[in-house]
Amino acid sequence: MKHMVVVALVVFLLAGVCQVSPALAGHPHERTGFFIGFGGGGGSATFQDAGSRTGGAVGNFRIGYAVAPNLTIGLESSAWLKREEYGVVGLGSATATWVFSVATFGATFFPGNNGPYIKAGVGFGTASVETEATIFGLGTGSLKIDDSGFGILGAVGYEARLTPKFALGPEIEFAYMNVGGDLQSANYVSGSLMFSWYW
């Protein structure tokens, strides 16, 4: 429940930015040639049979080409990360690191060649968890599960054009990976602040 409250707060803050950003944007949306962008934020993730969702950090990267003023294509990638530490009374401690990621070929459409956009991509997904345990008097051991397979990525967002080449805005994203193995499948929903440059 706590993690869903965090996601709801992120969505609320992004919605507020959407309302303010049109007033900040003083340049027309010109999308021609190459673009590059990155972003960061937080989100809620789960995997098959987990039974609940948990919060973590999210990072995004994109690079590609504007084939039209309202359409870009290219590499769209995203990753979710969570690191947790546990203490076992009388035995020692353990650390678990979760990483879910997708790398896709995607397209972004800007209706009316304005700030709002919708994005979708299909490609490669990975899911991994690594656990390291320290047992008093016996040393340290680790276990890693790393599976890969199919991944999809979808997002909606808004770009405020702050300079002729630079845009800033919020994005809400959904990522899904079907990786088989021990984890089977995983997904996360996230909110990020995106930075983009166009040439």
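1. A residue is called buried when its relative accessible area is under 20%. Arg62 has 3% relative accessibility and therefore counts as buried. This note concerns a predicted model.

2. Glu76, likewise at 3% relative accessibility, is buried. The side chains of Arg62 and Glu76 meet in a salt bridge, with 3.2 Å from N to O.

3. Through shared partners, salt bridges join Arg62, Glu76, Lys119 and Glu171 into one network.

4. The count of salt bridges comes to 4. One of them pairs Arg31 with Glu159, whose closest N and O atoms are 3.6 Å apart. Arg31 sits in the loop between helix H1 (2–24) and strand S1 (33–47), while Glu159 sits in the loop between strand S6 (139–158) and strand S7 (160–161); the two are 128 residues apart. Arg31 is buried at 1% relative accessibility, and Glu159 is buried with a relative accessible area of 5%.

5. The largest nonpolar core has 16 residues, and Trp80, Trp98, Phe100, Val102, Ala175, Met177 and Tyr188 have the most contacts inside it. Strands S4 (92–109), S5 (116–135), S8 (166–180) and S9 (184–198) each give two or more residues to this core. The most come from S4, which supplies 4. Apart from this core lies another, of 6 residues, with Phe35, Phe110, Tyr117 and Met194 among them.

6. S4 and S5 pair in the antiparallel sense over 18 bridges. Trp98 stands opposite Val129 in S5. Beyond its sequence neighbours up to four places away, Trp98 touches Phe47, Trp80, Leu81, Lys82, Glu84, Ser128, Val129 and Leu183. The hairpin of S4 and S5 has 6 residues between the strands, and Gly112 there takes a positive phi near 70 degrees.

7. Is Ala79 buried, exposed or partly exposed? Its relative accessible area is 30%, so Ala79 is partly exposed. Ala79 lies in strand S3 (residues 71–88). The C-alpha atoms of Ala79 and Ser101 are separated by 4.1 Å, although the two residues are 22 apart along the chain. Leaving out residues up to four places away in sequence, Ala79 touches Ala57, Val58, Gly59, Phe100, Ser101 and Tyr188.

Methods:
Residues are numbered from 1 along each chain as its sequence is written. This is a predicted model: local features need pLDDT of at least 70, side-chain atom pairs count only at pLDDT 80 or more; totals for chains, interfaces and linings use all residues. Side-chain values use heavy atoms; hydrogens and water are left out. Buried means under 20% relative accessible area, exposed over 50%, partly exposed in between (1.4 Å probe, protein chains only). Contact means heavy atoms within 4.5 Å. A nonpolar core is a set of buried Ala, Val, Leu, Ile, Met, Phe, Trp, Tyr and Cys residues joined through side-chain atoms within 4.5 Å. Two strands pair if DSSP finds at least two bridges between them.
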